[in-house]
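Please find below some notes on the model you sent.

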Amino acid sequence: MSHSISAFQAAYIGIEVLIALVSVPGNVLVIWAVKMNQALRDATFCFIASLAVADVAVGALVIPLAILINVGPQTYFHTCLMVACPVLILTQSSILALLAIAVDRYLRVKIPLRYKTVVTPRRAAVAIAGCWILSLVVGLTPMFGWNNLRQVETAWAANGSTGEPVIKCEFEKVISMEYMVYFNFFVWVLPPLLLMVLIYLEVFYLIRKQLSKKVSASSSDPQKYYGKELKIAKSLALILFLFALSWLPLHILNCITLFCPTCHKPTILIYIAIFLTHGNSAMNPIVYAFRIQKFRVTFLKIWNDHFRCRPEPPIDEDLPEEKVDD
């Protein structure tokens, strides 16, 4: 049944639409750049493209579904459950892509001479496929029974109703907080984030160590090789920091919901946490544009070639500042 939308809901929808309008084109541009520029075809940038696919889906799928839930339609329980699961799948895919990127950068500085034989395009493709399959399993777990159906059915039957429950579709009404905290957060979000922090600390340690001395590497100039690795590692660590900053507040609120059911959670904080999670999908292309020269140059070429109709010369795939493959 239709009902009027409040001014607060209208503001919420407006902000969500703005985030989607930044996220979708920005991340499509990232995927386009990786496809267009051969210098962006190594494992790291393939994982970045996988991350961008998840971010496109956030803007094109999750945000419209979040707006739908905010309006509060009356739906069957399992219909609402299907609406709630995509964000779980895409969040997990993003985390695993970030973990793959961290491991890849670690291998580049730990075994520079053997890196190309260890991290092959085929293995990178298998890793990306594995990340998405695992994300589907984790994100669809509520569909296999770990949800709030029993509680909803009990309340449904207590009202003398029969058949599949019809509810006002809300995330917390269908998704179990035990699943969100014990399984999703404590197993599939927090440990990977902590592991990535440790990996990047080790990467920075190894790079600083190598920069302090002359060593053999896959570059004729070790200082140049590790200097480039340091710059890219800082940019990717920034991506990780922004992801954690965007997602931890919502998970902390979930923990409060589970461990302190009587605690009051201000509505404005919940909305801010939701905006942060969705807004994270729009942040990465901006970071790439300002921090990674190869992306910046490719973005400008795409803009001039396809939107300003002013074709530029082919991209120099051996940019000295951030040459990835030697």
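**Notes on the cysteines, the pocket and the fold**

1. Cys 46 is partly exposed, its relative accessible area being 25%. This is a predicted model, and the remarks that follow should be read with that in mind. Cys 46 takes part in no disulfide. The nearest cysteine sulfur belongs to Cys 131 and is 12 Å away.

2. Cys 85 is buried, at 1% relative accessibility. Its closest cysteine sulfur is that of Cys 80, and the distance of 9.7 Å is too far for a bond. A disulfide here requires sulfur atoms within 2.5 Å, so the pair of Cys 85 and Cys 80 is ruled out.

3. How many disulfides does the structure hold? There are two. Counting the bonded cysteines along the chain, the pattern is 1-2, 3-4.

4. Cys 80 sits in helix H3 (residues 77-110), and Cys 169 in the loop between strand S2 (166-168) and helix H7 (171-174). The two are 89 residues apart, and the pair links distant parts of the chain. The torsion about the S-S bond is about 90°, so this disulfide is right-handed. Both ends fall under the 20% limit for burial: Cys 80 has a relative accessible area of 0%, and Cys 169 has 2%.

5. The other disulfide is formed by Cys 260 and Cys 263, with sulfur atoms 1.6 Å apart. Its torsion about the S-S bond is 70°, and the link is right-handed. Are these cysteines buried or partly exposed? Cys 260 counts as partly exposed at 23% relative accessibility, and Cys 263 is partly exposed as well, at 35%.

6. The largest pocket holds about 910 Å³ of space. Its lining comprises 33 residues, and those nearest the centre are Ile 69, Phe 171, Glu 172, Ile 270 and Ile 274. Two or more lining residues come from each of helix H1 (7-36), helix H2 (43-71), H3, H7, helix H8 (177-188), helix H10 (222-259) and helix H11 (267-291). By residue class the lining divides into 19 nonpolar, 10 polar and four charged.

7. Leu 230 lies in helix H10. With a relative accessible area of 9%, Leu 230 is buried. Beyond its neighbours within four places in sequence, Leu 230 is in contact with Phe 204, Ile 207, Arg 208 and Leu 211. The C-alpha atoms of Leu 230 and Val 166 are 54 Å apart in space, and the two residues are 64 apart in sequence.

8. What is the secondary structure of the chain? It comes to 12 helices and two strands. Along the sequence the order is α-α-β-α-α-α-α-β-α-α-α-α-α-α.

9. Some overall values follow. The C-alpha atoms fill a box of roughly 80 × 45 × 35 Å along the principal axes. Of the 326 residues in the chain, 49% are buried. Among contacts with a separation of 6 or more, 81% are between residues 24 or more positions apart. The accessible surface of the chain is about 16,000 Å², and carbon and sulfur atoms account for 69% of this surface.

Key: Residues numbered from 1 in each chain as written. Predicted model: local features only at pLDDT ≥ 70, side-chain atom pairs only at ≥ 80, totals over all residues. Heavy atoms only, no water. Helix = DSSP H or I, 4+ residues; strand = E, 2+ residues; numbered from the N terminus. Buried < 20%, exposed > 50% of the residue type's maximum accessible area, 1.4 Å probe, protein only. 1 Å grid on protein atoms, 1.4 Å probe; cavity = no way out; pocket = protein on both sides within 12 Å on 5 of 7 lines; lining within 4 Å. Points joined across faces, edges and corners; volume = space filled by probe spheres on them. Nonpolar A, V, L, I, M, F, W, Y, C, P; charged D, E, K, R; others polar. Contact = heavy atoms within 4.5 Å. Areas by Shrake-Rupley, 256 points an atom, 1.4 Å probe, with all protein chains shown as cover.
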